[in-house]
There are 2 protein chains.
Amino acid sequence: MSLIVTGSIGIDSVEAPTGTAFEVLGGSCVYFAAAASFFGPVRLVGAVGDDFPDEHLDVLNQFDIDLTGLERRDGSRTFRWHGKYLQNMNSRETVSVEPNVLAEAFPPVPPSFRDSQYLFLANTHPAAQLELLDQFPDRKLAVADTMDLWIDTERPVLLDLLGRIDGLVLNNDEAEQLTGEPNLISAAMKIVDMGPKFVVIKKGEHGALIEHGGARAVLPAYPAKDVVDPTGAGDSFAGGMMGVLAANDDHSPAAMRRAMAYGTILASFNIESFSLERLGQISREDIEQRFNEYREMLALE
Amino acid sequence: MSLIVTGSIGIDSVEAPTGTAFEVLGGSCVYFAAAASFFGPVRLVGAVGDDFPDEHLDVLNQFDIDLTGLERRDGSRTFRWHGKYLQNMNSRETVSVEPNVLAEAFPPVPPSFRDSQYLFLANTHPAAQLELLDQFPDRKLAVADTMDLWIDTERPVLLDLLGRIDGLVLNNDEAEQLTGEPNLISAAMKIVDMGPKFVVIKKGEHGALIEHGGARAVLPAYPAKDVVDPTGAGDSFAGGMMGVLAANDDHSPAAMRRAMAYGTILASFNIESFSLERLGQISREDIEQRFNEYREMLALE
C-alpha cells in the first residue's frame with residue numbers, strides 16, 4: 001500500500017558526549033522516510049531552501065524514497081536545528097533553532113501522490129496537518145505526530161486534528177502535557193477518548209506503549225549499548241512502524257504490536273550513528289536478524 | 001527446591017495520592033516471601049520487636065511461609081518506615097525511619113533452615129548479608145538486593161559480597177550509583193564484571209533488565225492502570241522471580257526471563273493495594289491468567 005510522509009527536512013548540528021556532527025541531514029520526515037523505506041517505497045512531501053546541499057539529496061537518494069514532493073524553494077533557507085545531548089543521552093537542550101522554510105507555506109502535494117493510502121503527518125503546525133489530511137481522499141490510515149509547542153499554543157486546532165486522524169504518536173512528556181495525566185496508561189486512554197482509534201506513546205530508552213481500543217501493549221526498547229546520537233529515534237520508530245503497517249495492510253492489535261517492534265528495531269539502528277549514517281549501512285536482512293533476536297528476548301515459554 | 005529469604009520486617013505508614021495506610025505490615029522480606037509463596041513454601045529469617053501486632057502475624061500466616069526464623073525480640077521495637085508518594089507515584093520521600101531492631105544483631109538461622117538451596121538476601125547491611133551467606137553451605141543460587149546507603153557508605157564490604165553471590169537485584173538509580181554509568185546496559189555489564197553471574201536492574205514502571213553472562217534481556221512492566229501503593233513492588237518482583245526459579249530449579253537464560261516475567265506479574269498485583277492486601281486476595285490462577293495475558297502481549301509473530 002502507498003505510504004506518504006509529510007513534515008520537516010532539516011540541517012542539524014548535534015553535540016553529544018559521543019562526538020559532534022555539523023550541518024548534517026535531519027528532520028522528522030527524513031528519519032521517518034529512511035526507516036520506512038526498508039519495507040516498501042515511501043513518498044515524501046516537504047520543503048528545503050536553496051541552501052540545501054546536494055550531498056544531502058544524495059543521501060536521500062540512497063533510500064527507496066520518491067522525492068517528487070520535495071520542493072527546493074528559491075530565496076528560502078532550510079530549517080536548521082542545533083541540539084546538545086547531556087551526559088546520560090536522555091535529555092537534550094536546543095542550542096538554536098531556525099524555522100526558516102518551515103514558517104512559510106507548506107509545499108503542494110504532487111497530483112501523483114493524492115491516492116496515498118497510508119499517511120504519516122510528521123510533526124508540524126496542526127493547522128497544516130489538517131490541511132494535508134484533506135488532500136488524501138483515499139487514505140486508509142492517517143497517523144500524526146505532534147510536539148509540546150502545539151499542545152501548549154494550538155490546543156483547539158490539535159483537538160480538531162485528533163478528531164479526524166486514526167492514530168497519534170507522541171512521547172511520554174507530551175502525553176502527560178496533553179492530558180494532565182502522569183500515569184501513561186491513563187493518559188493513553190484519555191487520548192483515545194479525544195478521537196483517534198489508537199495512540200502510541202514513545203518512552204525513549206524504555207520503549208513504547210500502544211492503546212488501541214481495548215487492546216493495550218507495552219514493548220521495551222531494543223537494549224542498545226552504544227548510543228551515539230538519539231536524534232531521530234522517535235521518527236525512525238514511527239517510520240519502521242508505518243512502513244510495516246503499509247506493507248502488510250493490517251491494523252489488527254497483533255499487527256500493530258509487530259509493527260511497533262519493527263519500529264523499535266529501526267530506532268535502535270538509527271541511534272548507532274549521527275544523521276542517517278547507520279540507516280544507510282544496513283540491509284533488510286540486518287533488520288530481520290535483530291528483529292528475531294528481539295522476538296526471542298520477549299518470547300516467554 | 002527450598003527457598004529462604006532474610007531481611008527486614010517492618011511496620012509501614014504510607015501516604016499516597018490514592019489514600020493512606022497507618023502502621024501496616026511491610027518490610028523487604030515480607031513482600032518477597034508473600035510473592036514467592038505462590039510457587040512453593042518460603043522460609044523467612046528476620047526479627048521484630050515486642051510491639052509487633054498479632055494481626056500482622058495473622059497476615060503472614062495466610063501465606064505458605066515458614067516463620068520458624070521469625071524472632072520476636074523482647075525489649076526491642078520493630079523497624080518502622082513512614083513514606084510519602086508524590087503525585088506521579090514514581091518518586092517518594094521518607095517522612096521518618098526508625099531502624100530499631102534492624103540496628104541490633106541479625107536473628108539466628110534455625111538449624112532446620114541451613115540446608116536451604118535458593119537464598120535471597122533482601123536489603124540489609126552487606127556485612128550481615130556476607131555472614132548470612134556462610135550459613136547456607138548447600139546453596140545453589142544466592143541472590144542479594146542492596147540500597148543507596150550501602151553503596152555510599154559500605155562499598156568495600158558490598159564489593160566483597162558481589163564477589164561471592166550469584167546474582168544481584170537493584171534499581172536503576174542504584175545501578176548508576178554503583179558503577180557511575182548512566183547507560184543501564186553498560187552499568188549491568190560493569191556489575192557482572194564485579195563478580196555476580198547475573199544482575200537484574202529494576203526500572204519500576206519501565207520493567208526490568210537482566211544481564212546474564214552473554215544473555216541480555218529487557219522486559220516491560222505489566223501495564224498497570226490502577227496504582228494504589230508502589231511500596232514493595234521491587235521486593236514482590238524479586239519474590240516472584242526467585243519463587244519460580246526455586247520451583248523449577250532452572251537458571252538458563254530463558255528460565256531467568258520467564259522468572260522475571262512472573263516477578264513483574266506479582267509486582268503488578270502488589271501495587272493494586274496497600275501492604276499485602278492484594279497479594280492476600282489473589283490465587284495462583286489469577287497469576288497464571290495475568291501471566292498469559294502478558295505473554296500474549298509480548299508474543300511477536
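A salt bridge is taken here as a side-chain nitrogen of Lys or Arg lying within 4 Å of a carboxyl oxygen of Asp or Glu. In the predicted model, two salt bridges are found by this rule across the interface of chain B and chain A. In one of them, the side chains of Glu301(B) and Arg295(A) meet at 3.2 Å, N to O. Across the interface of chain B and chain A there are also twelve residue pairs in polar contact, both residues of each pair being at pLDDT 80 or more.

On the side of chain B that touches chain A, two or more residues are given by each of helix H7 (184-193), strand S13 (215-219), helix H9 (253-270) and helix H10 (284-298) of chain B, and the largest share, six residues, comes from H10(B).

The contact as a whole draws 31 residues from chain B and 31 residues from chain A. The area buried between the two chains is about 2800 Å², with 62% of it given by carbon and sulfur atoms. Within chain B, the most area is lost to chain A by His206(B), Lys225(B) and Leu300(B), which together account for 24% of what that side buries.

Helix H9 of chain B also holds Ser268(B), a residue that counts as buried because its relative accessibility, 3%, falls under the 20% cut-off. When neighbours within four places in sequence are left aside, Ser268(B) is in contact with Tyr222(B) and Arg290(B).

Conventions. Residues are numbered from 1 along each chain as its sequence is written. Chains are lettered from A and ligands numbered from 1 in the order in which they are written. This is a predicted model: local features need pLDDT of at least 70, side-chain atom pairs count only at pLDDT 80 or more; totals for chains, interfaces and linings use all residues. Side-chain values use heavy atoms; hydrogens and water are left out. Contact means heavy atoms within 4.5 Å. Buried area is the accessible area (1.4 Å probe) that two parts lose on being put together, summed over both. A polar contact is a pair of N or O atoms within 3.5 Å; within protein, one must be able to donate a hydrogen and the other to accept it, and residues adjacent in sequence count only if both atoms are side-chain atoms. Helices (H or I, at least four residues) and strands (E, at least two) are DSSP runs, numbered from the N terminus. Buried means under 20% relative accessible area, exposed over 50%, partly exposed in between (1.4 Å probe, protein chains only).
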